[in-house]
Amino acid sequence: MKGTSVLWLLWLISLLCGSTNQARLTVSPSSSQLFEGDRLSLSCEGEDSAAGWTVKRNTPKRQRSRCGDGWGKQVGSSCTITYIFKRDSGVYWCECREGITSNTVNITVTGGPVILQSPVLPVMEGDSITLLCKAKSTHSNLPAAFYKDGSFIGTELTGHMTIPRVSMSDEGLYKCHISHHGESPPSWITVTAPLTTLIPSTAQPTDSAPPPVLAHLPLVATPVFHLMVFC
C-alpha cells in the first residue's frame, strides 16, 4: 500500500505541474482573417505568470521569430501589432523559457475587399458557431453567399451564418462572397470531440483484483513522464 500511495502522489503532483506550466494563446479580434491595416492583439493566458511566456510566429519569410524582434510590441505576456500587413500572415503560438509551447493560431491577412470572420480556435462538437462575411468598404452587413469545401451552402441576407450544434462533418474549408465586392480567402474550421475526464477508480483492492494503480498503469506512467519533463 505504501508503494501505491507514492505512485498516486506522483500522479497528482504531475497533473498540478503540467497545468501550471500550460498557456493558451488568445487573439483579439477573434478571427482567423484580418484586413491589412487592422490591429491584432495576442495574449498568453496561463496560471504561471512567472514562466516568461513570449509570442512567437512562423511566416513565409522568417521562422520562430519572437514578438518585438522586427514585428509587434511585447508587454508582459501579450503582443500587439498596431498595423498588420499581409506579410504578417502565419502561425502564432506562446512559448516559455523552458521551451514549452501553447496551442497554435493561423492568421491570414488580406489586401482584398472581403474577409470571412470564423473561429480562430478549434470548435467543440455540439457547440454553435457564427460566420461573418465582411466587406472592407462598408460597416454595414451585406448579403453574402457561403461555401464549404468549394460547394455552395447558403445565402444569408445579413452576412451572418450560424451553424448550430456543430458536428465532425462541419469541419472543412470555408469562404464567402459578397456581390459587387468580392470573395474572401478560405479558412479551415477544425471541430474537436468533447473532452472526457479520466477519473481514477476509488474502489478498494480485493484479493481477486489488482490495486487501482496497477490496473490503470498507462494512466499513471504518462503523468510521471510529464513530471520529468515539466518539473
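These legends accompany several close-up views of the structure above.

The model is predicted, so to speak plainly, local features need pLDDT of at least 70, side-chain atom pairs count only at pLDDT 80 or more, and totals for chains, interfaces and linings use all residues. Residues are numbered from 1 along each chain as its sequence is written, and side-chain values use heavy atoms, with hydrogens and water left out.

**View 1. The largest nonpolar core holds 23 residues.** Such a core is a set of buried Ala, Val, Leu, Ile, Met, Phe, Trp, Tyr and Cys residues joined through side-chain atoms within 4.5 Å; buried means under 20% relative accessible area, exposed over 50%, and partly exposed in between, with a 1.4 Å probe and protein chains only. Among the members touching the most others are Leu-42, Trp-53 and Tyr-92. Strands giving two or more residues include β3 (40-46) and β8 (90-95); helices (H or I, at least four residues) and strands (E, at least two) are DSSP runs, numbered from the N terminus. Apart from this core lies another, of 17 residues, Ile-178 and Val-191 among them.

**View 2. Meet the surroundings of Leu-42.** Beyond its neighbours within four places in sequence, Leu-42 is in contact (heavy atoms within 4.5 Å) with residues including Val-27, Val-55, Cys-79 and Tyr-92.

**View 3. Strand β4 (residues 54-58) pairs with β8 and with β5.** Two strands pair if DSSP finds at least two bridges between them. Here 5 antiparallel bridges join β4 to β8, where Arg-57 has Tyr-92 as its bridge partner. On β5 (residues 65-66), Arg-66 stands opposite Lys-56. The β4-β5 hairpin has 6 residues between the strands, and Arg-64 takes a positive phi near 55°. Of the 5 residues in β4, 4 are buried.

**View 4. Cys-44 and Cys-94 form a disulfide.** A disulfide is a pair of cysteine sulfur atoms within 2.5 Å, and the whole structure has 3. In this one the sulfur atoms are 2.1 Å apart. It links β3 to β8 across 50 residues, and its S-S torsion is about -100°, so it is left-handed. What keeps Cys-96 from bonding to Cys-44? Its sulfur is 9.9 Å away, too far for a bond.

**View 5. Cys-133 and Cys-176 are joined by another disulfide.** Both cysteines are buried. The torsion is about 85°, so this link is right-handed. Cys-133 lies in β12 and Cys-176 in β16, so the pair ties together parts 43 residues apart in sequence.
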